Amino acid sequence: MAQDFEAQSDEALIAAFVESGDQRPLEVLLARHESRVFNLALRILGNRADALDATQDVFLTVFRRASSFRHQAAFTTWLYRLTTNACHDIGRRKKRTPVPVEELPAEAGGSGESSSDTRLLVEQALRGLPLEQRAPIVMRDLYGMSYEEIAEATGTAAGTVKSRIARGRMRLAEMLAPLAGREPEPGRGPSN
Amino acid sequence: MTKDHLEIDSISAYLDGELPVEERSAVESHLQTCAQCSATQQALSTASGGVASLPQLSLTADEHRELRVAVLASRRARKVPWRTRYTQWAMAGGLAVVAMVAAGYGFLRDGPSGGETSSSLSEGAAPAQRSFDFRSGDQVDRTVAGLPEVAAGLNRYRPEDAPPKAMALPRTDDGTESAAGAGSAEPFNPAAPPPQRALARTDPDQPNSDAAAPQPEAASDAAQVPDFSNEAADQCLSRISSTQSYPMVGLLAREATYQGTPVWLLVFAWTPDPEVGKTLDQWQTWLVRPQDCAAYAGPELESRVLYRSFSGQT
């Protein structure tokens with residue numbers, strides 16, 4: 001029954017689908033995670049249409065490859081890895097085409113004009129980062145994932161995650177210097 | 001740590017609580033005494049906080065629906081474009097497509113005009129002599145896509161035609177269960193002859209429901225299709241239709257064999273979201289063993305379905 005599926009863990013839902021072919025566990029997974037996948041893709045890609053494409057790619061892959069899911073890992077880790085891959089694929093296809101400001105999501109993010117301006121500035125700055133820095137920063141700062149989890153999701157080492165987040169933040173800090181009302185630290189830019 | 005200052009990596013990881021205890025203490029001590037590193041910490045913290053303050057956005061209702069339909073209707077999406085086209089041909093071409101399926105691919109066996117019995121029929125011959133004989137899921141999909149009954153049935157039913165959920169269906173005079181919902185003016189009778197049944201479903205009170213209907217000649221074309229009707233399979237079809245969470249109507253039920261196992265071929269018209277097309281414009285095929293259909297219902301039965309196609313869409 002659908003209500004039973006609602007109460008089940010992600011991993012149990014995947015197992016139920018693989019075992020029975022019943023589509024309903026997958027529907028529950030979709031409803032449960034589509035927003036997180038979409039938001040992650042949106043912040044990585046900076047573009048709503050691309051984020052929707054990525055979200056669709058991710059869940060199509062989940063549904064097709066459910067049987068290959070390894071239960072040693074958390075389902076969300078797998079999901080974020082698929083999201084990262086989908087974003088990379090789309091990013092490669094688009095070859096980092098600059099995204100016009102009009103494509104930014106227009107939902108209210110806070111109260112007042114200044115917070116909206118701040119958000120736009122942060123979003124612009126974020127999109128100025130290379131994708132390999134953007135993804136771990138979004139995972140860390142928006143989703144609170146640990147370096148270890150990010151490493152699994154991005155297929156890199158935890159040390160690499162640490163370094164990419166630091167460099168990316170430093171570049172963000174430079175771009176957000178007007179926000180802080182001061183110049184960025186001289187001589188403290190990213191080392192490479 | 002460099003000679004005089006902390007590495008940016010360390011400051012960033014310190015902010016994230018990702019440093020080992022001993023290193024954390026060293027970083028903490030240094031930050032208390034070094035203005036430059038402290039300023040760097042502040043800059044990194046501002047950057048991190050800026051990202052963390054970004055709002056979580058939601059999909060719009062339309063985006064959510066489109067995503068759901070695209071994903072759920074395309075569990076094996078690589079085939080959907082092919083299938084969609086195929087269905088359109090079937091609806092437009094009727095006999096031509098069915099004949100192509102029968103002659104070109106050899107999926108239809110031993111119908112009234114189906115020609116010779118294939119030597120590749122399953123051993124034991126008895127079930128295969130009088131039923132569809134499928135060797136693979138792809139064969140099932142393509143055969144169903146070519147059945148004019150399916151093409152004729154799609155887009156002809158609305159969500160309100162689906163039977164009330166989880167309710168016993170009334171018995172009809174001919175002993176079969178009616179899959180018609182309470183609001184349906186003309187009960188759907190799965191036991192009626194396939195082409196006539198589909199075409200006879202035209203509801204004069206709902207002229208728009210004929211928008212995608214095949215031409216009348218499809219009725220005579222459909223006579224070319226073997227009729228492996230089975231009353232018990234029809235009843236199973238109706239029972240399943242009445243217990244789905246989606247609006248779903250049984251289109252046809254036939255005897256078949258699947259990789260040597262006698263099964264019932266059940267085809268449903270359905271829609272994953274009643275608001276999208278306002279018709280049941282997708283089909284799904286199940287192959288289920290007769291004994292399972294007799295013994296189980298609901299999820300227990302669904303878990304025993306031998307083959308379930310992805311959903312074809314017009």
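Trp286(B) sits in strand E4 (residues 282-288) of chain B, in what is a predicted model. This tryptophan counts as buried because 24 other C-beta atoms lie within 10 Å, where the cut-off is 20 or more.

**Around Trp286(B)**
- Setting aside neighbours within four places in sequence, Trp286(B) is in contact with Leu266(B), Val305(B) and Arg308(B).
- Trp286(B) and Phe268(B) are 18 residues apart along the chain, and their C-alpha atoms are separated by 8.4 Å.
- Phe268(B) also has a place in strand pairing: this residue of E3(B) is the bridge partner of Gly250(B).

**Strands of chain B**
- Strand E2 (residues 248-258) of chain B is mostly covered, with eleven of its eleven residues buried.
- E2(B) pairs with strand E3 (residues 261-270) of chain B in the antiparallel sense, over ten bridges.
- What do E2(B) and E3(B) form, and how many residues lie between them? They form a hairpin with two residues between them, and Gln259(B) in the turn has a positive phi of about 50°.
- E2(B) has another pairing, with strand E1 (residues 132-134) of chain B, in the parallel sense and over three bridges.
- In the E2(B) strand, Thr257(B) stands opposite Asp133(B).

**Nonpolar cores**
- The largest nonpolar core has 64 residues, and the members that touch the most others are Ala41(A), Leu45(A), Ala54(A), Val58(A), Cys87(A) and Ile11(B).
- Helix H3 (residues 24-45) of chain A supplies the largest share of this core, ten residues.
- A second, separate core has 39 residues, including Val140(B), Ala145(B), Leu251(B) and Tyr258(B).
- As background, nonpolar side chains tend to be buried together in soluble globular proteins.

**Helices of chain A**
- Helix H7 (residues 131-141) of chain A is mostly covered, since nine of its eleven residues are buried.
- The buried residues of H7(A) include Arg134(A), Arg140(A) and Asp141(A), along with Ile137(A), Val138(A) and Met139(A).
- Helix H8 (residues 147-154) of chain A packs against helix H9 (residues 158-175) of chain A at an angle of about 100°, with the axes 8 Å apart.
- H8(A) and H9(A) are therefore roughly perpendicular to each other, the range for that description being 65 to 115 degrees.
- Where they meet, H8(A) brings Tyr147(A), Glu148(A), Ile150(A), Ala151(A) and Thr154(A), while H9(A) brings Ala158(A), Val161(A) and Lys162(A).
- By class, the residues of this contact divide into five nonpolar, one polar and two charged.

**Where the chains meet**
- Chain B has 38 residues in contact with 47 residues of chain A.
- Which elements give two or more residues to the side of chain B that touches chain A? They are helix H1 (8-15), helix H3 (35-52), helix H4 (61-72) and helix H15 (298-302) of chain B.
- H3(B) gives the most to this side, with eleven residues.
- The side of chain B that touches chain A has 19 nonpolar, eleven polar and eight charged residues.

Definitions and conventions: Residues are numbered from 1 along each chain as its sequence is written. Chains are lettered from A and ligands numbered from 1 in the order in which they are written. This is a predicted model: local features need pLDDT of at least 70, side-chain atom pairs count only at pLDDT 80 or more; totals for chains, interfaces and linings use all residues. Two residues are in contact if their C-beta atoms, placed from the backbone, lie within 7 Å. Helices (H or I, at least four residues) and strands (E, at least two) are DSSP runs, numbered from the N terminus. Ala, Val, Leu, Ile, Met, Phe, Trp, Tyr, Cys and Pro count as nonpolar, Asp, Glu, Lys and Arg as charged, and the others, Gly among them, as polar. Axes are lines fitted to C-alpha atoms, for helices over the stretch in contact, and angles run from 0 to 180 degrees between N-to-C directions. Angles under 35 degrees count as roughly parallel, over 145 as roughly antiparallel, 65 to 115 as roughly perpendicular and the rest as oblique. A nonpolar core is a set of buried Ala, Val, Leu, Ile, Met, Phe, Trp, Tyr and Cys residues joined through C-beta atoms within 7 Å. A residue is buried if 20 or more other C-beta atoms lie within 10 Å of its own, exposed if 12 or fewer, and partly exposed in between; C-beta atoms are placed from the backbone. Two strands pair if DSSP finds at least two bridges between them.
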